[in-house]
Amino acid sequence: MSRTKTATILIALTGLSLLLQGQREALAKPNVIVIVTDDQGYGDMGCHGNPWLNTPHLDQLARQSVRLENYHVDPYCTPTRAALLTGRYCTRVGAWSVTQGRQLLNPDEVTMAEVFAHSGYRTALFGKWHLGDTWPYAPRFRGFDEVVCHRAGGANEIGNPIGNDYFDDTYFRNGVAEEFDGYCTDVFFDETIKFIRNTQEGENTQPFFVYLPTNAMHSPHLVAKKYSAPHLKQGHPEKRANFYGMIDNFDENLGRLLSFLEESDLEKDTIVIFMGDNGTAVGGPQPNEKQSGFNAGMRGVKGSVYEGGHRVACFARWPGKLKEDFKVDTLTSHRDWLPTLVELCELELPSEISFDGKCLVPLFQGDDPKEHDEKWPDRTMFVQLQADEPELELKPTGKSRHPQYAVMTNQWRMVNGELYFMPRDPGQEKNVAAEYPDLVESLGRLYAAHVPEVFGHDLDYTRFQVGSDQENPLTMTVRDWHPTKGYVIWQPDQLSDDSLQINGFWAIDVVQAGRYSVELARHPGDDRQPMGAAKARLKIDENQWEKGTKPQDTTVSFEIELPEGPALLQTWLTDANEGQRGAYFVTIEKL
């Protein structure tokens, strides 16, 4: 064979190889990791000017990322998670509070994990879910292939095994309790790295989507002393020293994950998104402190609808595809991420979804929204604080102790009737509502129209599904009742407090008619203690059953017939002195 012919064949083969490589690259989808920290505010990191925190890996990620500088979430954790995972307002999807059954994500909603799974991704969750722990709300039923998580809103709260304290805890792998060695944040990063490694083994690798919502830096603020000690030396009170120590530990784990991606040659193929879930819980300034906190000049902290309660950090890194250290000052939100990832990853939606968020790709490309109004017109967004029973009417200024809503545009914030011009007043110190009455009226009309629109489901309860083949028996806890007397409790040490005379009902949906066992208890199954009751009463809609009990009894059970359909379930435990409370745990089993 002549050299010329050989060279021609080699050139052709090389061309074919490059073509196939290009096709493979075109077909390959990026991996995605979404990291959400709990209660870490915008100012709780070095890159945003905190004078006491050293967060080298967060700072590095910020330098390598598109940085959303006007990025907003909800003021509490459950609402933020619901909106992030659906691209829709939390009030629209049923999860706008943190307890009282209002943290259950409507089962008809499509989650981010379901979208990725439908598009051929391996999906995983490691950390905090807080959108329901039973069928069909738990993460293993919402699109995740692999799950390691705690239950409820915190690893040590009611609904979790007794004794969880962030160290060597029991979490749930795909719904099954499992003991883990190590600190909570270390465990969830360990599981993340293990999962990613497993997806890359063998020839049939799949792209992965990992949702990594840590329970840190949520209370209780517990961390090894080597992390908190430096901040005690800085003069911070113990709670903030521990809080900052938890951030140091997180930053260390983030560095571990980023190094793993680089060493595994996955860095360029992986989108990493970092964000907080609400404003700082402990990092903000407090009166009469020897060493004050830092909140980047913002007013308000976690739970506030002033800027410091919902403006958080957000970084997005995709080496070679997204700009580095590129700041976007345009108003954005957590609802924007799902439509954005659908475009970036070329995902297929399993069903038609009406997003409240907007794809951010034009902003990532550097388009100036001032010059591209058709691509990115100014928009109005809303932040709300809702309780178990939502308030659908606009509250006049001064009628509530805390502001309950904010209306946001790129330049303006209307907070419960107060008006702030953000370019000149980022700390929201000067209320200019009297100077712009027409704007206040206009923004107020938008909010008044928004609330009933997102509550178009008529405020129906998101119900516990009873008698399903997927989860039978099913246990409900005091965290999830709708209070009729007092309030909900969520800390295990409150279960034995005899001074609490509280009660509430659970909203249920009986999936199958039939005979059921209903067990009432004051303490969880892994820590049964006497109920201290002389009689117990169970009411489901208009039907009631009552039994005498002994003070040393730890449970009481009823066998009853239940028809199919929705119902309200309430219990009473009455002691010898006629003191009453509801049963804190109710287990329902179809027989």
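**Core and sheet**

Author: Leaving aside residues up to four places away in sequence, M112 touches V34, L84, L85, F209, W337, L338 and L341, where a contact means heavy atoms within 4.5 Å. The model is a predicted one, in which local features need pLDDT of at least 70 and side-chain atom pairs count only at pLDDT 80 or more, while totals for chains, interfaces and linings use all residues. Residues are numbered from 1 along each chain as its sequence is written, and side-chain values use heavy atoms, with hydrogens and water left out.

M112 is one of the residues with the most contacts inside the largest nonpolar core, together with F209, Y211 and W337, and this core has 79 residues. A nonpolar core is a set of buried Ala, Val, Leu, Ile, Met, Phe, Trp, Tyr and Cys residues joined through side-chain atoms within 4.5 Å; buried means under 20% relative accessible area, exposed over 50% and partly exposed in between, with a 1.4 Å probe and protein chains only. Of the 591 residues of the protein chain, 56% count as buried.

F209 also leads us to the sheet, for T123 stands opposite F209 in β8. Strand β4 (residues 122-128) and strand β8 (residues 208-213) pair in the parallel sense over four bridges; two strands pair if DSSP finds at least two bridges between them, and strands (E, at least two residues) and helices (H or I, at least four) are DSSP runs numbered from the N terminus. Both strands belong to an open sheet of ten, with mixed pairing and the order β7-β6-β5-β4-β8-β1-β9-β10-β2-β11. At its edges stand β7 (176-179) and β11 (326-328), and because each has a single partner strand, one side of each is left without a neighbour in the sheet. Neighbouring strands of the sheet are turned against each other by 15 degrees on average, direction ignored.

Helix α2 lies across β2 (66-68), β9 (270-276) and β10 (314-317), at about 65 degrees to β10.

Helix α2 (residues 56-63) also meets helix α8 (residues 238-263): their axes come within 7 Å and cross at roughly 50 degrees. The two helices are therefore oblique to each other, since angles under 35 degrees count as roughly parallel, over 145 as roughly antiparallel, 65 to 115 as roughly perpendicular and the rest as oblique. On the α2 side the contact involves P56, H57, L58 and L61, which meet F250, D251, E252, L254, G255 and L258 in α8.

D325, in the loop between β10 and β11, has a positive phi of about 50 degrees although it is not a glycine, and at 41% relative accessibility D325 counts as partly exposed. E346, in the loop between α10 and α11 (361-364), likewise has a positive phi of about 50 degrees without being a glycine, and E346 is exposed, with a relative accessible area of 57%.

Key: Axes are lines fitted to C-alpha atoms, for helices over the stretch in contact, and angles run from 0 to 180 degrees between N-to-C directions.
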